[in-house]
Amino acid sequence: MNNAVNLYLASGVSEGIGFWVVNFTDEDNVFNSLDSKLLECYRKELFGLEGAIEVREAINTTLDILSCDTKLDKYKLDNNNIGYSSEIPIYIIEDIFDLWASNYNNKILWKKYLGILNFRNKIKKNNRYIQIGLKGDTYKFAIKLDQLMSFRPINLSFRLDKSKDLMW
């Protein structure tokens, strides 16, 4: 049996630090999750349990790659054990959620998109080699995924290594 659950994107605060979280619950009120640390729900989609698990994993893997890439580029984002840094703008988080939630229905493309994500996860750094052999919907998806994962904080105070910044 495939139970219906709500996959949600919410913001919260734990010990004075804001975070984003993507999770699912079988309750209609997502604020009953995570010991009431949630403040606002931005997205809520009804999925079967198996679908919610798969979509949540894809979203969280995308956010993991984004967080890792920002660290590799010497940007510092707040760490939180519960979720992802609130320094990542809401429009990026929402677009990642929407990208994966909307593409789950087509199983053939879903497997291709997961393959692109897994390959991107293994190489740990964005390069254009992924897109060379792609065409059609998978090419468009890879471009959109790279655009979403190219976020870097604008404020240079987030940079950990400022040795290569210009003096003037």
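Predicted model: local features only at pLDDT ≥ 70, side-chain atom pairs only at ≥ 80, totals over all residues.
**Exercise 1.** Describe strand S1: which residues does the strand span, and is it mostly covered or uncovered? Then find its pairing with S3 and with S2.

*Solution.* Step 1: S1 covers residues 4-14. Nine of its 11 residues are buried, and the strand is mostly covered.
Step 1: strand S3, residues 38-48, pairs with S1 in the antiparallel sense, over nine bridges.
Step 2: strand S2, residues 17-25, also runs antiparallel to S1, and nine bridges join the two.
Step 3: take Tyr-8 as an example. On the S3 side, Tyr-8 stands opposite Lys-44; on the S2 side, the bridge partner of Tyr-8 is Asn-23.

**Exercise 2.** Locate Glu-15 and state what sets its phi apart.

*Solution.* Step 1: Glu-15 sits in the loop between S1 and S2. These strands form a hairpin with two residues between them.
Step 1: the phi of Glu-15 is positive, about 55 degrees, although the residue is not a glycine.
Step 2: compare this with the general rule. Most residues other than glycine have a negative phi.
Step 3: with a relative accessible area of 81%, Glu-15 is above the 50% limit and therefore counts as exposed.

**Exercise 3.** Decide whether Thr-25 is buried or exposed, and list its contacts beyond its neighbours within four places in sequence.

*Solution.* Step 1: Thr-25 belongs to strand S2.
Step 1: its relative accessible area is 9%, which is under 20%, so Thr-25 is buried.
Step 2: leaving aside neighbours within four places in sequence, Thr-25 is in contact with Val-5, Asn-6, Tyr-8, Val-30 and Ser-33.
Step 3: look also at the side chain. A polar atom of the Thr-25 side chain lies 3.3 Å from the backbone nitrogen of Glu-27.

Technical notes
Residues numbered from 1 in each chain as written. Heavy atoms only, no water. Buried < 20%, exposed > 50% of the residue type's maximum accessible area, 1.4 Å probe, protein only. Helix = DSSP H or I, 4+ residues; strand = E, 2+ residues; numbered from the N terminus. Pairing = 2+ DSSP bridges. Polar contact = N/O pair within 3.5 Å; in protein donor to acceptor, adjacent residues only side chain to side chain. Contact = heavy atoms within 4.5 Å.
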